[in-house]
Amino acid sequence: MTTTLVGAFDANDESTVPPLTRRPDEPKAPEPLSRLRGAWKALAANPLCERALDDEARSAITFGAVDPSHLKALASVNDGVNLLVHKPVAGGSLYLVGPHRRYLDLLLLPDIINGRWGDTILTAMDPEADGQPPAYSTLHVDDGDGVERPLAILTIRMRDRRALAEAVYDSMVSTYEADSKRRNVYTDSILQEGVKEPLTLFLVRVLFDDGTGETYLVAGDGNSRLISLWLARTGGDIHEAVRACVAAVIGSVDRKSPRRAPELRRTRNAVAAMAERVRAGLAEEPLTEATRREGHTLSFPAMVVVGAVDDDGASMPDLVVGRDDLLSNLHTRVTPWSETAQNSQGMRRVYRNARIAGHVTDSEYEILVGTAGVDDLHSRLGLPPHRLWASAVHQHVLLAGARAVRMTELLRQEFGFGRADRQLVGKRTGALILSPYRSDTIDQALRAFDNGGTITDVVWKRPWHLTKGSDPVGVLDEVLAKALGDDEAAVAELTVLGGTAAILSGLITRDRGSKLGVKPEPLKTPYRATPTRLLTLLASTAGGRRMLHSIACAHVLDHRNVKAFHTRAGEVDGHMVEDGDPVIDKAHAQESIRFEWDLAWRADARLAEETVAATRQELAAVGEGDGELALPLHAKERRNLDSALTSATRAAHALAELSGTDPIGPKVFESWETVSEWKRRLRGIEELLGYGPKKPLEPLTDTMTSVLSQGDEEVEDD
């Protein structure tokens with residue numbers, strides 16, 4: 001059939017729908033419930049899924065099928081051939097009903113905990129968190145012999161239906177906003193040709209606090225496409241899409257019991273009415289916008305996970321592991337999720353595998369994945385009830401003693417690197433080490449862990465432990481006392497606690513060329529050093545250990561009163577001082593650490609003095625700095641102008657190239673108004689340059705005796 005355009009499509013008018021490339025399929029109204037029985041029985045009889053599903057799960061699968069007879073055929077065993085699709089995963093296999101069409105409105109929810117934005121979910125450790133974060137687990141049933149059997153069904157706990165609706169809202173909005181460029185929004189594609197590749201769906205049993213429960217299907221692979229279906233249905237507004245999804249799939253959020261048969265029939269009748277509208281609309285030429293929106297979103301292709309077994313053929317003990325492994329191969333290792341999201345997902349799998357292998361206890365695991373709160377730190381592990389110790393638990397599990405060797409091997413398996421060095425380990429683990437602080441701004445701290453974090457020689461693969469106690473400051477005092485006595489385990493513990501606090505407070509940041517300076521100011525240091533090198537310097541002296549203790553105390557007491565201490569013996573301002581003595585200013589008060597500069601200076605004053613002197617000489621040699629050879633203002637401004645024009649030219653060339661390769665075309669420049677404003681500013685600069693020297697008159701010679709050429713000056717940007 002020939003393609004029909006809808007009206008006059010204007011590529012620059014975002015209010016129009018894109019050209020149609022495939023007409024919606026001829027719609028089918030939902031079959032009577034009595035005709036779903038055959039597919040239900042086929043699922044119950046299939047040996048690969050008969051013990052993996054219960055009656056309610058089979059009903060949920062069949063309820064949303066467009067063609068129950070097709071579903072029955074896919075779930076049946078014919079002449080000894082089982083048609084379920086086999087998917088190998090870590091620890092076993094998943095079995096799925098092959099591609100079939102399902103209605104969007106019937107018992108289908110978006111992924112409530114999606115890896116694309118899972119790194120933004122506040123853990124129970126975070127003071128801004130509203131209770132325990134949602135988490136999937138595997139549903140188990142009692143066969144009557146007292147032994148629980150795992151099913152191929154996920155479970156998640158919710159307070160009530162309103163909380164479920166709020167979780168759906170968070171999921172859809174977070175997925176929509178996960179990429180600022182909206183590369184994971186497929187609304188236009190759906191309006192053009194619908195969804196062609198099948199989504200992978202998992203069964204989930206939502207358990208409410210009142211003791212009731214409901215079974216839905218949730219998107220695994222294809223969550224962005226599922227949300228884009230609702231966006232295409234409702235016109236592109238994410239909030240309208242959420243409202244439509246909740247109203248159709250969950251219904252009233254105030255009800256206290258599962259949806260009854262009459263309400264479910266009304267939902268099926270609403271889908272039937274939509275199918276009838278689409279059928280009537282397909283007879284019109286051209287197709288209306290409403291026909292396209294409903295026709296291309298009425299149903300979609302999908303596969304449903306209906307069985308899960310381990311390597312020995314028994315029921316898979318943890319479906320979450322299988323789910324994550326299946327999705328990781330499709331997303332975190334293939335599609336462009338953010339690095340933090342990839343690392344968060346990978347580390348959760350590392351911890352889950354460590355728990356299965358017995359490398360971490362159940363109490364530790366709850367702390368690591370963020371489902372235990374601050375008070376649980378003391379009740380379960382005996383540690384001070386502060387989230388700084390939650391971060392320290394991560395580091396103790398990953399870095400301390402013989403267990404670090406086993407955990408490093410799990411890291412290598414998960415992330416596929418050969419030799420594990422500090423930066424690789426810090427980069428992969430930082431997202432979860434800092435997860436108790438997600439409500440704060442931790443981007444700078446994450447970069448510090450990318451640069452090695454607290455992984456010094458005394459911390460990594462050396463025996464140390466976390467001191468128990470209920471008072472954070474009291475525990476820190478005890479650790480300091482042992483560290484001052486050269487107890488290596490206490491030095492390692494202090495490095496982790498004080499170092500993490502310093503990184504979170506911005507007193508230690510990643511190494512970079514732009515850090516090097518000649519005077520105390522934010523984001524500058526007297527010498528370059530990675531976080532691990534600076535922590536090694538601090539942990540090697542009594543004064544440095546006292547400063548780490550002061551930083552940790554300031555963090556747990558929520559103030560910035562960090563005190564400075566001398567780190568070497570000698571004469572200072574006519575007075576003899578020892579390593580560990582407080583630094584006293586001219587007002588006879590102890591100096592404070594204000595910037596990273598101050599901390600680095602106190603860590604090694606001699607290195608700081610030598611490096612600053614060398615830096616001053618280098619700056620003076622090129623006419624910068626505060627020496628006698630500093631350039632006049634006009635020379636500096638010329639350099640600034642030349643550097644800015646060079647950068648602007650490069651950016652313009654890059655955008656011009658992208659306009660021919662990027663899917664959004666000329667919109668890489670944002671808008672016509674933006675380009676017009678840039679042109680206006682450039683014309684203003686051109687006018688200002690008219691105040692410069694005038695072009696000299698050329699000499700009256702027959703030939704030019706020389707050709708003056710000036711290449712572009714290369715600008716170094718730290």
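How many salt bridges does the count come to, taking a side-chain nitrogen of Lys or Arg within 4 Å of a carboxyl oxygen of Asp or Glu as the rule? The count is 42. Before you click around: this is a predicted model, where local features need pLDDT of at least 70, side-chain atom pairs count only at pLDDT 80 or more, and totals for chains, interfaces and linings use all residues. Residues are numbered from 1 along each chain as its sequence is written, and side-chain values use heavy atoms, with hydrogens and water left out.

Start with Arg205 and Asp54, a salt bridge whose closest N and O atoms are 2.9 Å apart. Arg205 sits in strand 8 (residues 199-208) and Asp54 in the loop between helix 1 (37-45) and helix 2 (55-63), so the pair links parts of the chain 151 residues apart. Helices here are DSSP runs of H or I, at least four residues, and strands are E runs of at least two, numbered from the N terminus.

Next, select 223-234 and 238-250: the axes of helix 6 and helix 7 (lines fitted to C-alpha atoms over the stretch in contact, angles from 0 to 180 degrees between N-to-C directions) come within 8 Å and cross at roughly 105 degrees. That makes the two helices roughly perpendicular (65 to 115 degrees). Show Trp230 and Leu231 of helix 6 with Ala244 and Cys245 of helix 7, which are among the residues in contact (heavy atoms within 4.5 Å).

Last stop: Leu641, Leu645, Leu682, Ile685 and Leu689 make a nonpolar surface patch of about 410 Å². Helix 25 (672-689) gives the most, with three residues, while Leu645 belongs to helix 24. Patch members have over 30% relative accessible area (Shrake-Rupley, 1.4 Å probe) and no salt bridge, with nonpolar side chains joined within 5 Å.

Conventions. Angles under 35 degrees count as roughly parallel, over 145 as roughly antiparallel, 65 to 115 as roughly perpendicular and the rest as oblique. Patches are made of residues with over 30% relative accessible area and no salt bridge: like charges are joined within 9 Å, nonpolar side chains (Val, Leu, Ile, Met, Phe, Trp, Tyr) within 5 Å.
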